[in-house]
Amino acid sequence: MANIMVRKSADGGLSFYLPKRDIEDSITSIEFDTPEKWGGEIRLGNGGVYFIDPIPAPARLPISVRARRVDGVE
Amino acid sequence: MQTVEDTKPCFPLFNEPEYRDLITNKREQFEETVSKEKIAETFAWTTTQEYQDLNFKREALTINPAKVCQPLGGALCGMGFEKTMVYIHGSQGCVAYFRTYFNRHFKEPIAFIADSMTEDAAVFGGQKNVHEGLQNATKLYDAKMIAVCTTCIAEVIGDDLGAFIGNARKEGHVEKDFPIPYANTPSFVGSHVTGWDNMFEGIVSYFTQATMDGKVVGSNKKINIVPGFETYLGNYRVIKRMLKEMDVDFTFLCDPEEVLDTPANGEYQMYAGGTTIDEVKDAPNAYTTFMLQPTTLEKSKKFVETTWNHEVPKINIPMGVEWTDEFLMKVSEVTGKPIPESLLKERGRLVDMMTDSHAWLHGKKMAMFGDPDFLLGLTKVMLELGIEPTHIVCNNSNKRWEKAMKKLLESSPYGVHAKLYPGCDLWHMRSLCFTDKPDFIVGSTYGKTIQRDTLYKGPDFEVPLIRLGFPIFDRHHLHRMTTLGYEGGMYLVTTLTNAVLERLDEKTKFMNDTDYNYDIVR
Amino acid sequence: MSELTREQAQALIEEVLEVYPEKAKKDRAKHLMVNDKTIEQSKKCITSNRKSVPGVMTQRGCAYAGSKGVVWGPIKDIIDISHGPVGCGAYSRGGRRNYYAGTSGVDSFCDINFTSDFQEKDIVFGGDKKLAKLIDELEGLFPLSKGISVQSECPVGLIGDDIEAVAKKKQAEIGKVIVPVRCEGFRGVSQSLGHHIANDAVRDWIISNRDDKAFESTPYDVAILGDYNIGGDAWASRILLEEMGLRVVAQWSGDGTLAEMENTPKVKLNLLHCYRSMNYIARHMEEKYAIPWLEYNFFGPTKIAESLRDIASHFDDKIKEGAERVIAKYTPAMNAIIAKYKPRLQGKKVMLYVGGLRPRHTIGAYEDLGMEVIGAGYEFAHNDDYDRTMKEMKDATLIYDDVTGYEFEEFVRQLKPDLIGSGIKEKYAFHKMGVPFRQLHSWDYSGPYHGFDGFAVFARDMDMTVNNPCWGMLKAPWLKEEESTGELKAA
């Protein structure tokens, strides 16, 4: 588990940031993205896959959450 | 705003009104600084005796030290041997700092390598770094010797450097007989001069300790010269020249003169000159070994005395007339070679310069700071010229030095004003320059903030800095000069005299005010 | 030297790697690449932010250098203690040229070296008591300081000292901010982790200090992050922001103060120059205080104008007009600079090896002068830096990470650039080789280089070094003759 930050990128999409390793990447898909349930499996531009325990959609971004690496490069 | 005709760098650009306003507005609106009056009042307080008393009560805090740490000295020592790569076992940041420090002083490329210990090495020890590092270093740098010293991380965790290097050989990371002398140079003991001493002892013991059989003192008819932490290139050259003029065969044990002064000719040479391994191996066969900085080469001296069985001559650093006389006479005594006419003439020229200049120097009060032996030599020169040393700050002093310095000062009526400040730093010196103002302060670049601070009190309080010592970052090429021997005496007399004259011109250049004394002839 | 093809450039890299032992070769190969503009993500072709190979000549520094030397050092009213042995504080003193305005030793402390000068007994018995006493002594001698930071050197983290406890206790006693910073030199692989640790220390001990305090804000409040005022850079940047109508509440950290840092959470926009060393605190403020941040580039008129418009786009028409007014005001002067220097520098090739942001941020400034950057690399970058750099560089140029002294020299021998921009450790070797060189860390004792005023100095400096007559004198005339007769004979 690691702290990650999800923020809105300039192009309107979401971006992923892993401070401990300074990994910054685009989020290509997020499993849940409704007001009630947000998070789940997220896929990154570099092919990495992380899992965020679903929570109600955050009021605003960026947000720091705990995430688990499921697959792919780090 | 810049114009193409008159492009201004930082100064005087930031003295333009738009930047003055910008800086003032920033200060007033955002910095929450205290009032100008409070700053003036506080500054004035820092110049008082009361502040000095508080300042001298410090036990834990060092401010603006006039010394650095051991491995820097160890690295300079390693550079003085032929095709030797200095290898520092520890954190890589230290090595970047050592290189930078010498880059800034010598304006020369400095090639040291690190084995880049990081957090895991701090936990598990640095053996892996030593093994991989030595393997890469021997492959990459075409060195004949790798001289290893340590930074504090390796010392704190207690890395066994000797064992690591031994294992590197055993496991085939380096060839079995590739020369890798080493020394422990903990940053929390002594200073850069200690590091030089340790590395030197490490190198000479590596090459001679086990091979003393058949060595006969005096059999090679040479003398050995050990310079110590020496950053004036001219000092290597002048000693060699004097010995050549005496027709004395010698070995300079540690000679970075060439590698610190390679020509710009289109090729970068990582190595140049330096003492060869054969010369080191042959060194025990010399008549004896001269330690040019005798108070700070204790470990090396002990080795030379006990292992090489040399009777190390009791000399002082050969600065000024009499201590150069002493050095030459000792060399003559040891080798049986007379001091030639040429050196006698050179001596006479130095004395002639002293007679010419003494009137500008007599009675001038000078504070000074720097390395122990350098300060001894500088004091000796001052006393020979009738200069009165005042505050003598030696941050990396030792008991031997204190004793020698006291003896020296007592030997001259010009020494009575001097006070020793062993272990003190340049913030102590700052106070001293306010409460008991000398005419000049002599030392490294670090003295320049004292000049600025004293000037801030008012033009009459300014203590100008005369740059002699190490490091000198803010003037170019002074490291090429000479402070040893009669020739060094000439440089010192010239530097000191002209500093006095420059200062006098600065004070007297004002038309119809002080310029009656703004003389064409001085 | 004519431009390399992709294949030639790749062959050059392989040739240079030949000398390494197998393991080091494999490692180093990952850090060298030929730029390919079709690739979006640098991690596919370059590795960065990894341990340096032991025994090769890395130019990198350490976490202490990143924290004390870069981030904390320039804050002028905070005293930084170099906590540990005596060397680090001296080696990091004054070299970066972080300008400040103030009364040294009274209300400003940037140019003073404060150290606990560890002795053997401090290693054996721990340095906490000494630290506590030292803080009292600082308080006695420097009553107008606003705070103190404890910059840890290697031993502190190895001997089990609890500097956090000392800081908390003394902070309560003296009523000033005291920040313990765990930037021991062995942490991480370069300066970079030191930046991060320094940012985190600001986050934990400073940034929220005034959350409950009122602040008279305006809609135009911004902060400059990641400008260390080297040779006055931040001043030459601030002047443009003020002229366009913005109010610069804080400078991080060149000529900066504690008050400015504490007030930064009240600004409307954070302007980030050196992304590498301060993105952390910008991201934190974005999350906690909803302050957006924007990377900008104040090197060279093209990038400056772009950046000014970009910054203005976050504000109303007044600021947008302000940006246009500023650009219009300086354009004639910039045109005159370019008219003078571009003909003298047109087509000259540049190789860069620096830190932070400069290997990519200065490219535009060189291009404004007609110069071309044919190689760029960073001491301590991460892949997000290379992502940004690849876009700025031409195809088939060289990109090198944590380049070793040997690799850099070989690249230069082969590519024969007309100018190198790098650091003092590299400088003098290239002087011997006769390659014009400018230090791009310290601006080679010149500057500022930021902003329009800075570009004038940048252009002047590049010209003076590229075109100085001294570079033509490396070969003695009699050797030149020999060479040319040699050629004749061969022909």
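I began with helix α6 (residues 92-106) of chain B, which lies across β2 and β3 of chain B and runs at about 165° to β3(B). For such entries I took contact as heavy atoms within 4.5 Å. Angles run from 0 to 180 degrees between N-to-C directions, the axes being lines fitted to C-alpha atoms, for helices over the stretch in contact. Helices (H or I, at least four residues) and strands (E, at least two) are DSSP runs, numbered from the N terminus.

I noted that this is a predicted model, in which local features need pLDDT of at least 70 and side-chain atom pairs count only at pLDDT 80 or more, while totals for chains, interfaces and linings use all residues. Residues are numbered from 1 along each chain as its sequence is written, chains are lettered from A and ligands numbered from 1 in the order in which they are written, and side-chain values use heavy atoms, with hydrogens and water left out.

**Sheet in chain B**

I next looked up the sheet under that helix entry. It is an open sheet of three strands in the order β3-β2-β4 (chain B), paired in parallel; two strands pair if DSSP finds at least two bridges between them. The edge strands, each pairing on one side only, are β3 (112-114) and β4 (145-150) of chain B. On average, neighbouring strands of this sheet are turned by 30° against each other, direction ignored. I found three bridges in the parallel sense between β2 (residues 84-89) of chain B and β3(B). Tyr87(B) has Ile113(B) as its bridge partner in β3(B).

**Sheet in chain C**

In chain C I traced an open sheet of four strands, ordered β7-β6-β8-β9, with parallel pairing. Its edge strands are β7 (247-253) and β9 (293-295) of chain C, each of which pairs on one side only. From one strand to the next the twist averages 25°. Strand β6 (residues 221-227) of chain C is joined to β7(C) by five bridges, and the two run parallel. Opposite Val222(C) I found Val248(C) in β7(C).

**Nonpolar cores**

I defined a nonpolar core as a set of buried Ala, Val, Leu, Ile, Met, Phe, Trp, Tyr and Cys residues joined through side-chain atoms within 4.5 Å. Buried means under 20% relative accessible area, exposed over 50%, and partly exposed in between (1.4 Å probe, protein chains only). The largest core has 220 residues, and Trp72(C) and Ile311(C) have the most contacts inside it. Helix α14 (residues 317-345) of chain C gives the most to this core, with eleven residues. Leaving aside neighbours within four places in sequence, I listed the contacts of Ile311(C); among them are Leu241(C), Met244(C), Leu269(C), Leu294(C) and Phe298(C). A second, separate core of 59 residues includes Ile223(B), Tyr232(B), Leu328(B) and Ala499(B).

**Salt bridges**

I counted a salt bridge where a side-chain nitrogen of Lys or Arg is within 4 Å of a carboxyl oxygen of Asp or Glu.

Asp325(B) and Arg347(B) form one, with the closest N and O atoms 2.8 Å apart. Asp325(B) lies in helix α15 (residues 320-335) of chain B and Arg347(B) in helix α16 (residues 341-361) of chain B, so the pair ties together parts that are 22 residues apart in sequence. Asp325(B) is buried at 12% relative accessibility, whereas Arg347(B) is partly exposed at 28%.

Arg276(C) and Asp384(C) meet in a salt bridge at 2.9 Å, N to O. I recorded Arg276(C) as buried at 0% relative accessible area and Asp384(C) as buried at 1%. Salt bridges that share partners also join Lys26(B), Arg27(B), Glu31(B), Lys76(C), Asp107(C), Asp255(C) and Glu260(C) into one network.

**Interface of chains C and A**

I found 19 residues of chain C in contact with 14 residues of chain A. The two chains bury about 1,400 Å² between them, 38% of it on carbon and sulfur atoms; buried area is the accessible area (1.4 Å probe) that two parts lose on being put together, summed over both. In chain C, Arg283(C), Glu286(C) and Glu287(C) lose the most area to chain A, together 41% of what that side buries. The rule finds three salt bridges across this interface. I also looked up Arg388(C) and Glu24(A), whose side chains meet in a salt bridge at 3.1 Å, N to O.
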